[in-house]
Amino acid sequence: MAVTALDIAHPDVVPDCLRQLYGDDHVLAFDKPAGLLSVPGRGPDKQDSMATRARAQWPDARVVHRLDMATSGLMLLARGAEAQRVLGAAFEGRRVEKRYIAVVDGWPTEEAGEINLPLLVDWPERPRQKIDPVDGKPALTRWRVLRRETAADGAPVARLVLMPVTGRSHQLRVHLQAIGHPILGDPLYAPEPAQRRAPRLLLHAESLELPHPATGAPLRLHCPTPF
């Protein structure tokens, strides 16, 4: 299967609609499009965000976790302070199973593996992160090959499922770059040829499984990958 620009929505066009995947009195889940901030940034031109849009309809919506602006997919919000506290504790306690899909440059030699490399913000180049074995915070990513594919220019690319155990900023992007398989379309960490192979970062938050903040029952949420 060829991965081409024709198969991928361009991030310059961010849909105005809010695509809700799940909702009850305690939890909201949405499909965040690539190119939309998770939370408002600094300045009047950075106020449009997933959180802002949700709060316009649900004033009690509160942020639990974030996705990079360039990443699409499943984003969870809590309804009210207590649900936010419980969900935040679940993320911090690693009781949330996260699954991402990425298309990366090259074909890994193995079918699955782990990347255990500590991360630290690269202050002179922020928001970039870097591997730092001395001062970095622990970061662990598990991955598995779904398919080996060919890009439109004939280059080998691979579709991976990623299961981050920790949730560091840019973790998946830095980890994959560190093992020689940067994510296609990544403007921060991929070399120019890999950037050109996609019009957006090919990273998508596909699913979450976690205890419901009110009942403790397993809550399984899914967001289909658009590429």
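A residue is called buried when its relative accessible area is under 20%, exposed when over 50%, and partly exposed in between, with a 1.4 Å probe and protein chains only. By this criterion His 170 is buried, with a relative accessible area of 9%.

The model is predicted: local features need pLDDT of at least 70, side-chain atom pairs count only at pLDDT 80 or more, and totals for chains, interfaces and linings use all residues. Residues are numbered from 1 along each chain as its sequence is written, and side-chain values use heavy atoms, leaving out hydrogens and water.

Most residues other than glycine have a negative phi, and most peptide bonds are trans.

| Residue | Phi | Loop |
|---|---|---|
| Arg 94 | positive, about 60° | between α2 (81-92) and β6 (97-105) |
| His 170 | positive, about 60° | between β11 (156-164) and α3 (171-178) |

The peptide bond from Arg 126 to Pro 127 is cis, with omega near 20°. Pro 127 belongs to the loop between β8 (119-121) and β9 (129-131).

Not counting residues up to four places away in sequence, His 170 is in contact (heavy atoms within 4.5 Å) with Asp 68, Pro 127, Arg 128, Gln 129, Leu 188 and Tyr 189. The side chains of His 170 and Tyr 189 are also joined by a polar contact of 2.7 Å. Such a contact is a pair of N or O atoms within 3.5 Å; within protein, one must be able to donate a hydrogen and the other to accept it, and residues adjacent in sequence count only if both atoms are side-chain atoms.

Note on methods
Helix = DSSP H or I, 4+ residues; strand = E, 2+ residues; numbered from the N terminus.
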